[in-house]
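Welcome! Take a look at the sequence and the structure shown here, and then let us walk through a few places together.

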Amino acid sequence: MHVSHSVTAAGFWLGTLFPVAYLPVIAGGIDSASRLSLFIGLLLFHAFALVVGHDYPGARSR
């Protein structure tokens, strides 16, 4: 149970803080297929982190 809680917590915090990683990609421009692939990969990773961290108890408002 401890490992699953840690994974959920990591997913929650990655999902919360990960959009900061978009900034350099967007600021640098998405002008090639490799940059577009990088941006899509970041979006997919972010979506995965949100799904994994969805059940984190700290995410619920009280």
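## Leu14 and its partners

Leu14 touches Phe45 and Ala49, once residues up to four places away in sequence are set aside. Keep in mind as you read that this is a predicted model. Leu14 itself is found in helix α1. Is Leu14 buried, exposed or partly exposed? Its relative accessibility is 40%, so Leu14 counts as partly exposed, because the partly exposed class lies between under 20% for buried and over 50% for exposed.

Leu14 and Leu50 are 36 residues apart along the chain, and their C-alpha atoms are separated by 7.8 Å.

Now turn to Ala49, which lies in helix α3. With a relative accessible area of 4%, Ala49 is buried, because buried means under 20%.

Which residues does Ala49 touch, not counting those up to four places away in sequence? They are Gly11, Phe12, Leu14 and Gly15.

## How α1 meets α3

Step back to view the two helices as a pair. Helix α1 covers residues 2–17, and its axis comes within 7 Å of the axis of α3, crossing at roughly 135°. That angle makes α1 oblique to α3, because angles over 145 degrees would count as roughly antiparallel and 65 to 115 as roughly perpendicular. The crossing of α1 past α3 is left-handed.

On the α1 side, the contact is made by Val7, Thr8, Gly11, Phe12, Leu14 and Gly15. Their counterparts in α3 are Phe45, His46, Ala49, Leu50 and Val52. Sorted by class, this contact of α1 with α3 has 7 nonpolar residues, 4 polar ones and no charged ones.

## The nonpolar core

Where is the largest nonpolar core? This core has 5 residues, namely Phe18, Tyr22, Val25, Phe39 and Leu42. At least two of its residues come from α2 (22–28), and at least two from α3 (33–52). In soluble globular proteins, nonpolar side chains tend to be buried together.

Leaving aside neighbours within four places in sequence, Phe39 is in contact with Tyr22, Val25, Ile26 and Ile30.

## After α3

One last stop is His54, found in the segment after α3. At 54% relative accessibility, His54 counts as exposed, because exposed means over 50%. His54 and Thr8 are 46 residues apart along the chain, with their C-alpha atoms separated by 7.4 Å.

How values were computed:
Residues numbered from 1 in each chain as written. Predicted model: local features only at pLDDT ≥ 70, side-chain atom pairs only at ≥ 80, totals over all residues. Heavy atoms only, no water. Core = buried A, V, L, I, M, F, W, Y, C linked by side-chain atoms within 4.5 Å. Buried < 20%, exposed > 50% of the residue type's maximum accessible area, 1.4 Å probe, protein only. Helix = DSSP H or I, 4+ residues; strand = E, 2+ residues; numbered from the N terminus. Contact = heavy atoms within 4.5 Å. Axes fitted to C-alpha atoms, helices over the stretch in contact; angles between N-to-C directions. Parallel < 35°, antiparallel > 145°, perpendicular 65-115°, else oblique. Left-handed = near helix turned anticlockwise from the far one by under 90°. Nonpolar A, V, L, I, M, F, W, Y, C, P; charged D, E, K, R; others polar.
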